[in-house]
Amino acid sequence: MDLSGKLKRSCEDSLHKAKMAWKAGDSDGAAGHFEAASKAMFKYAEYATSRSMEYARKRKAIEYRDFAKRLRETAAEQARGGKLPPPPSSSIDEDRTPESGSGETERSISETVSQLIHTSTITWDDIGGLEQTKRDIKYTLGLNLAKPPDEVKIATFRNILFYGPPGTGKTLLAAATSNSLKVTTEGQALFFNVKVSSVLSKYFGESSKIISEIYGAARDNSPSVVFLDEFESLTTSRDSGEQSGAERRILSTILAEMDGLSEKGRSDIFVLTIAATNRPWDIDAAVMSRFEKQILIPLPDDDARRAILKIQLLRKGYHVEPEVFDQLIEITKGYSGREIERLCKQATSQMIGELNADLPDVLDSGLKATQAYKVKVRPLSGEDFMQAAAMIRPVTSPAEDQRYRDWSPEPD
Ligand SMILES: Nc1ncnc2c1ncn2[C@@H]1O[C@H](COP(=O)(O)OP(=O)(O)O)[C@@H](O)[C@H]1O
Ligand SMILES: [Mg+2]
């Protein structure tokens, strides 16, 4: 089935209906159709064949949504015979945002937001270890999405903080969470991946607007996940002094969004905020307490390393003898998931380089010969991994790892 074509048609269809409703002066009807067009457009954007096309489509989606909002806001005025604002252009495959009088800053805000929106393809099976954490997250999602029993109000939570050493799978978990909200094959959940420090540094004065925009789009695409990476860059560090005004503003915007102020009375909307940090001790207690759950994502233990190595080697088709595999679990003690991945890449590419050293000469003898060449592989040896381990060293020391394990979110 051609999903992309279907999404495009559904978008065009909604836009057409929106224009008809607009012409008929039915602002609420038009707003509804523009909202539908926006949703279809967000999904259609994922099928773009270039980044610029993808961003252009996402900008369009945001534009339709904003226009719907404007229509709803001015509905009362229109009811008294006022004029409807002009609708955005309906050609949906333009690569430029048409002039809509929104000005440079607003365009760059929607551009920024559109670059932060992804659908995620990471699944729970791509994450080695962390079994209990995966179960906890699934339980949380389940509790938020399931029907509550009649007349019983169940307290659920929507704000989670992951803390732990770098490279341990925090981003992966957020991506898998987002992916698991995918409702149908076409209803992909969107993943809002926000690196807080880069929003702060690039869009200093505008950062809190960007955050509001992100949460607005996240609510429109409910259920969805907003992932705030490097969260500590927002809050006062115990040893690094004052926050700037922009940091204070963006923090208060985020806290307001996390409290779900704007979702009030909308139990049908579900936006999960996941924040991640390598420096939990830099986050002040008041902010920390806004997260209903703080989860340690530690360096992987023996079982977790076994699971990660399976994903990084066996699942990719490489062959490793069982004794070598057991040895490898020892070699990688103290390594994060990211370092294990790099170690495996180093070992496998070294082995392949060794066996296929004649490839440059083959290329010299022509395209046909090269295409007929079969890349040689062999089982990986303990020696391959020892060599790789000499080059790829873990960055987190045992003492640092212990500091995460000892740190407790409770104010002392
Ligand atoms: N538990 C894990 N299972 C499988 N791969 C992992 C795991 N943890 C880390 N990785 C690998 O390391 C990379 C970086 O992980 P990431 O989730 O970005 O770490 P973090 O966000 O904690 O710094 C991932 O893309 C993945 O390839
Ligand atoms: Mg990360």
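Predicted model: local features only at pLDDT ≥ 70, side-chain atom pairs only at ≥ 80, totals over all residues.
View 1. The buried ones are Lys170, Leu172, Leu173, Ala174, Ala175, Ala176, Thr177 and Ser178. Helix α7 itself spans residues 170-180 and lies across β2 (159-163), β3, β4 and β5 (271-277), making an angle of about 170° with β5.

**View 2. The open sheet, strand by strand.** Six strands make up an open sheet with mixed pairing, and reading across gives β1-β3-β4-β5-β2-β6. At the edges sit β1 (117-119) and β6 (293-296); each has a single partner strand, so one side of each has no neighbour in the sheet. On average, neighbouring strands here are turned by 25° against each other, direction ignored.

View 3. Toward β5, the strand β2 runs parallel and is joined by five bridges, with Leu161 standing opposite Ala275. Toward β6, the pairing of β2 is again parallel, this time over four bridges, and here Leu161 has Gln294 as its bridge partner.

**View 4. The β3-β4 pair, with helix α9 across it.** Strands β3 (residues 190-195) and β4 (residues 224-229) run parallel and are joined by five bridges. For a landmark, find Phe191, which stands opposite Val225 in β4. Helix α9 (residues 207-220) lies across β1, β3, β4 and β5, and runs at about 155° to β4.

**View 5. The shell around ligand 1.** Ligand 1 is surrounded by 17 residues, and the closest are Gly169, Lys170, Thr171, Gly337 and Arg338. Two or more residues of this shell come from each of α7, α12 (302-314) and α14 (337-355). By type, the shell residues split into seven nonpolar, seven polar and three charged. Both domain 2 (118-296) and domain 3 (302-395) contribute, with at least three shell residues from each. One residue to look for again is Lys170: one of the closest to ligand 1, and buried in α7.

Definitions and conventions
Residues numbered from 1 in each chain as written. Chains lettered and ligands numbered in written order. Pairing = 2+ DSSP bridges. Axes fitted to C-alpha atoms, helices over the stretch in contact; angles between N-to-C directions. Contact = placed C-beta atoms within 7 Å. Near = placed C-beta within 6 Å. Nonpolar A, V, L, I, M, F, W, Y, C, P; charged D, E, K, R; others polar. Domains from an automatic or database assignment. Buried ≥ 20, exposed ≤ 12 C-beta atoms within 10 Å, placed from the backbone.
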